[in-house]
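Here is a short briefing on one protein. Look over the sequence and the structure first, then read the points below.

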Amino acid sequence: MGSEIQKNFVEKNAEYAQTFDKGDLALPPAKKYLILTCMDARIDPAAAFGISLGDAHVIRNAGASAKDAQRSIVISEQLLGTREIILVKHTGCGMLTFTNDDAHALVKQNLGPTAAAELGPLDFLTFTDLEAAVQEDVGFLKRSATVPEDVKITGWVYEVETGKVRQVV
């Protein structure tokens, strides 16, 4: 029958679909930008950053990692025409709370040696300094041959405690 989460998912989608009238939006984002932010459930990018449906691509991953998002960024720019990247990390990020060694040990402990071997030397892309991590990821994007020089790139910190953003780079 499905979990309670799945039932809620279907019910909420049915409610949404009843009044949905945006089926004719173009595939490329209308405002030609993308936001890269963390997958943290305390961040609502559309509400926090004023993104209307169809305006921008929103790429989310653990820690708002530019390296982890590179594939999606290339697709967004090269196939769908985005011309600006707004990278947003946040206070209280879980990526500040553990190391690669911690993550690998946890996988081995909880999922066993086969899972650990499958991950190999995977870099979990943790960081210890939030603002330095924003600067590092913006630098990575600016140096990357996969991001055209004329693409504007900025880096921000979203404060989960206040809902405010501040520019770092």
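Of the contacts in the protein with a separation of 6 or more, 66% join residues 24 or more positions apart; contact means heavy atoms within 4.5 Å. The model is predicted: local features need pLDDT of at least 70, side-chain atom pairs count only at pLDDT 80 or more, and totals for chains, interfaces and linings use all residues. Residues are numbered from 1 along each chain as its sequence is written, and side-chain values use heavy atoms, with hydrogens and water left out.

**Layout**
- The protein has six helices and five strands. These are DSSP runs, numbered from the N terminus: helices are H or I with at least four residues, strands are E with at least two.
- From the N terminus, the order is α-β-α-β-α-β-α-α-α-β-β.

**Strand β1**
- Six of the six residues of β1 are buried, so the rest of the structure largely encloses this strand. Buried means under 20% relative accessible area (1.4 Å probe, protein chains only).
- β1 runs parallel to β2, with six bridges, and parallel to β3, with five bridges. Strands pair if DSSP finds at least two bridges between them.
- Leucine 34 has histidine 57 of β2 as its bridge partner.
- Threonine 37 stands opposite valine 88 in β3.

**Nonpolar core**
- The largest nonpolar core has 32 residues; Leu36, Ile73, Ile85 and Leu141 touch the most other members. Such a core is a set of buried Ala, Val, Leu, Ile, Met, Phe, Trp, Tyr and Cys residues joined through side-chain atoms within 4.5 Å.
- α6 gives the largest share of this core, six residues.
- Leaving aside neighbours within four places in sequence, isoleucine 73 contacts residues including Leu36, Ile85 and Leu141.

Terms used
Buried < 20%, exposed > 50% of the residue type's maximum accessible area, 1.4 Å probe, protein only.
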